[in-house]
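This briefing is intended for a reader who wishes to inspect selected local features of a structure before any modelling work. Please view the sequence and coordinates first.

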Number of protein chains: 2
Amino acid sequence: MHKFQIYSIFVVGMVTITDIAKALGVTPSTVSRALSGSPRVKEETRKAVQQAAREMGYERNVLASNLRRGRSDIVGIIVPRIYREFFSKVIGGAESILNAAGYSVLICQTHEKKDAEIRALRTLRKNQVAGVLMSHSFESDDPAPIAEALGEGIPLVQFDRVFRSLPGAKVVNDNFESAYAATRHLIANGYRRIGHFAGYETCELFVDRYRGYCKALEDCGMAVDESIVFKDTIVRETGREAALRALDLGCDAIYSAGAFSALGAIEALKEKGLRLPEDIGVVGTSNEIFTEMMSPSLTTLDQHAYEMGQAAAKAFLFGSQATTLISMELHIRESSSRKSICQE
Amino acid sequence: MHKFQIYSIFVVGMVTITDIAKALGVTPSTVSRALSGSPRVKEETRKAVQQAAREMGYERNVLASNLRRGRSDIVGIIVPRIYREFFSKVIGGAESILNAAGYSVLICQTHEKKDAEIRALRTLRKNQVAGVLMSHSFESDDPAPIAEALGEGIPLVQFDRVFRSLPGAKVVNDNFESAYAATRHLIANGYRRIGHFAGYETCELFVDRYRGYCKALEDCGMAVDESIVFKDTIVRETGREAALRALDLGCDAIYSAGAFSALGAIEALKEKGLRLPEDIGVVGTSNEIFTEMMSPSLTTLDQHAYEMGQAAAKAFLFGSQATTLISMELHIRESSSRKSICQE
DNA sequence: GGAATTTGTGCAAACGTTTGTATTTTTGTG
DNA sequence: CACAAAAATACAAACGTTTGCACAAATTCC
């Protein structure tokens, strides 16, 4: 004969801790503590509660729990666009870590719009999420509204596109080193007048890539020519236009800070009748799936998106405030593989 | 001098309706009704409450609201993979409608796994979402666990991949008609032995595509040859293998129920030295971005994913129980555009 | 064997909102 | 002006959980 006896397991509606308490002849507080693993209940009681909960089909009402605790077990992830290979892989990486740690993931996309971003932050704050992982939109150039919309008390982890001035953890690629390596690769393949498709100046990662590009040229004794550095050249269409101008300006290679602009460039160059990599070489950044499929396949820097997502999730879990660097990897494909003329 | 006078607007912590009530000398219930648009408050009172709320920086505590109302303003969307162009567009379409209607969207991906799917459904139910839009994973072949995990009381809208036997609204493509049209297109381009890459038999949409393919052949006086119908051929790798077998079996064209399997087929065929569309024609389903970029570009059926998402969201909002049909559109590209021999 | 400590439960007050019912105030009618 | 009806507001009880504090029982200590 046990001390705890279940008197009745029939309950109308959802089973609550109060029902369990009544059934066992204890109080709701004891049930709550037993189920949440508090050390303040006897092991025997915990067992009885757990069994009763199982038998009665209890499920914790997370809404009530959240209200009382003032926070939920949801982590928000804000990205510009979910279908970008890069972001979807980051999300996948973050999910794998967060789910294992008992969190659910709420995904929001901003479509690169500032106001959608603010709305997403507000929604997350109102739902009192446990934390936010975010990569800001291109449109937002000011960290202040972000900090305001998120409010205090919710940890923010920024990844890829970060505002240095916001507090909290950051996870970014080694943009400087990788751009350096990509440019050196072009030089090693004998290209001599290398243009650059740069991104937005408000976005640190693009500035770092630009700097890496400059450093590589300088280290090889080449001068940086600002006339063949094309700003804000990230999407397919601007890539097409810039490629044609680069051609007019005598370029024999392009290092693009984006993948879609590199795609546009290759399309435009092919239409002009140029052969890649013989006549002109192209290297892009961000390893979208199409970079491998297109013809010629595109040499790119792989961002290790999955690892970035994992790193961001871990930074949240451990409450880190540090900046993590994820290295990129150069995938050498057809678009830049000319016989090496200038061996290093 | 107004009737309502704000006595104090200084509050520690978050502002609640009780604070507003105190400030105005009314009760929380009146404030609640005023803010939620109940007709049972005087217009003058409503104005005063709204102004006070604004001035005091009030924000409704959605957790408390959800607990009391027993549901939230979140709609869950469950998809196999967010980075699939198709699903991300569906999500985009659903988002546009749901956000406008005051809902937030919680996205979950199952990675085609049954247990991840069940976990997602449980999480959503526990958070008492207002509804769920879902496209089930390939792995799940039984609707019963889905119904059980979601429980009762949460409306379910299925899209694309649906279980006919589950109650609730469904939004699907006109798979039969479109497969028919795609196959007729190949016939019209002079192809005479057309193989089919079919999907999983547990998934209705693939069965419908198969039936459309058969009907087209029959209508043109061609017999269906089961030896050139390749089951479970949906991913890139199986597409490669099936293409080689199809070739051995004398096929001069393939209608694939997937896009990635069509991609694999084209890769394999090109490696074999075949010319497309001259030697062999290929049509795929699902308009992924790479279908347009590859060489030769792939003729596909565009699923109008965005519209499907919008339709699913509307079905939820209006509480529909009907099945909506979204038509697919044949995008004719290089992979099947042989000079027409047999004009219709 | 009594005092001090530890251990396990109970009590009750939150968390902030919503809502059925009761009560007051206002309006309308003869 | 009295009285009924309607309109506006107040009251109070939820929703289900968590948690500080109090209290009893069991254990330890000298």
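The notes below treat a pocket, a set of paired strands and some backbone details in turn. The model is predicted. In chain A, strand β3 is paired with β1(A) and with β4(A).

**Second largest pocket**

- The element that gives the most to the lining is α4(B), with five residues.
- By residue class, the lining of the second largest pocket comprises 13 nonpolar, 12 polar and nine charged residues.

**Strand β3 of chain A and its partners**

- Strand β3(A) spans residues 131–134; Gly131(A) and Leu133(A) point one way, Val132(A) and Met134(A) point the other way, and all are buried.
- Strand β1(A), residues 74–79, runs parallel to β3(A) and is joined to it by four bridges.
- Within β3(A), Met134(A) has Ile78(A) standing opposite.
- The pairing of β3(A) with β4(A), residues 156–159, is also parallel and comprises three bridges.
- Leu133(A) has Val157(A) of β4(A) as its bridge partner.
- From β3(A) the chain passes through α7(A) to β4(A), forming a right-handed β-α-β crossover.

**Cis peptide bonds**

- In chain A, the bond between Leu276(A) and Pro277(A) is cis, with omega about 0°; Pro277(A) belongs to the loop between α11 (260–271) and β9 (281–285).
- In chain B, a cis bond leads from Ser295(B) to Pro296(B), with omega near 0°; Pro296(B) is in the loop between α12 (289–293) and β10 (299–302).

- Asp160(A), which is not a glycine, has a positive phi near 60° and is located in the loop between β4 and β5 (170–173) of chain A.
- Asp160(A) counts as buried because its relative accessibility is 7%, where the cut-off for buried is under 20%.
- Asp232(B), likewise not a glycine, has a positive phi near 55° and lies in the loop between β7 (229–230) and α10 (236–248) of chain B.
- Asp232(B) has a relative accessibility of 41% and therefore counts as partly exposed, a class that falls between the limits of 20% and 50%.

Conventions
Residues numbered from 1 in each chain as written. Chains lettered and ligands numbered in written order. Predicted model: local features only at pLDDT ≥ 70, side-chain atom pairs only at ≥ 80, totals over all residues. Heavy atoms only, no water. Helix = DSSP H or I, 4+ residues; strand = E, 2+ residues; numbered from the N terminus. Nonpolar A, V, L, I, M, F, W, Y, C, P; charged D, E, K, R; others polar. Buried < 20%, exposed > 50% of the residue type's maximum accessible area, 1.4 Å probe, protein only. Pairing = 2+ DSSP bridges. Right-handed = clockwise from strand over helix to strand, strands pointing away.
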